[in-house]
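Here are a few notes from going through this model. Have it open while you read.

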Amino acid sequence: MNSLFEQVHANEIVERLNQLRPDAEPRWGKMNVSQMLAHCSAFQEIARGNSTSARSWLGLVIGKLVKPVFYNDKPLPQNMSTIPEIMIVDEREFELEKKMLIQKIITFQHDGPEKCTKKPHPFFGKLSLEEWGKGLYKHLDHHLKQFGV
């Protein structure tokens, strides 16, 4: 399984981000490409511990049971629900959002597991550093596939 902590996988994600275009249409979901970039940036902030979100009641009930979906080899389901605080609905500027996300990915990979949050994921609960690295890669991969890259 790929991990955002590994340079080769972070580079691959950045290369794919650079293939995105502002007029890219989603294959599924409600966010446009600029909103998706902002959403992924917001999720990076949660992983770094710079932002938090309360555990959802559903996450408290089933999060631990279904958390392997976040870091296993199977693709994330299309139209999977998201953390409400990082569901982006306002308009965003494509180039700015892409640049910010790329910088966050580079910083995350460079800083390594030591700078990853120890706080629980808002839905899945406590994650190991390895699970965070795999989950972040998988989340980005999911959204890049959403827009055809």
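1. A definition first: axes here are lines fitted to C-alpha atoms, for helices over the stretch in contact, and angles run from 0 to 180 degrees between N-to-C directions. Keep in mind, too, that this is a predicted model.

2. On to the helix pair. Helix H1 (residues 7–17) and helix H6 (residues 129–146) have axes that come within 11 Å and cross at roughly 20 degrees. Angles under 35 degrees count as roughly parallel, so H1 is roughly parallel to H6. The H1/H6 crossing is left-handed.

3. Who touches whom? From H1, His-9, Glu-12, Ile-13, Arg-16 and Leu-17 meet Tyr-137, Leu-140, Asp-141, Leu-144 and Lys-145 of H6. Sorted by class, the contact of H1 with H6 has five nonpolar, one polar and four charged residues.

4. Now the burial pattern of H1. His-9, Ala-10, Ile-13, Val-14, Arg-16 and Leu-17 are its buried residues. Looking down the axis of H1, these buried residues fall within an arc of 160 degrees, so they line one face of the helix. As background, an α-helix has 3.6 residues a turn, so residues three or four places apart point the same way. The cover over the buried residues of H1 includes helix H2 (33–48), helix H5 (94–111) and H6. On the face turned away from the buried side of H1 sit the exposed residues Val-8 and Glu-15.

5. One lysine to check: Lys-67, in the loop between helix H3 (57–66) and helix H4 (68–71). Its relative accessible area is 15%, so Lys-67 is buried. Leaving aside neighbours within four places in sequence, Lys-67 is in contact with Phe-124, Lys-126, Leu-127 and Glu-131.

Definitions and conventions:
Residues are numbered from 1 along each chain as its sequence is written. This is a predicted model: local features need pLDDT of at least 70, side-chain atom pairs count only at pLDDT 80 or more; totals for chains, interfaces and linings use all residues. Side-chain values use heavy atoms; hydrogens and water are left out. Helices (H or I, at least four residues) and strands (E, at least two) are DSSP runs, numbered from the N terminus. Angles under 35 degrees count as roughly parallel, over 145 as roughly antiparallel, 65 to 115 as roughly perpendicular and the rest as oblique. A crossing is left-handed if the near helix is turned anticlockwise from the far one by less than a right angle, and right-handed if clockwise. Contact means heavy atoms within 4.5 Å. Ala, Val, Leu, Ile, Met, Phe, Trp, Tyr, Cys and Pro count as nonpolar, Asp, Glu, Lys and Arg as charged, and the others, Gly among them, as polar. Buried means under 20% relative accessible area, exposed over 50%, partly exposed in between (1.4 Å probe, protein chains only). The arc is that of the directions from the helix axis to the C-beta atoms.
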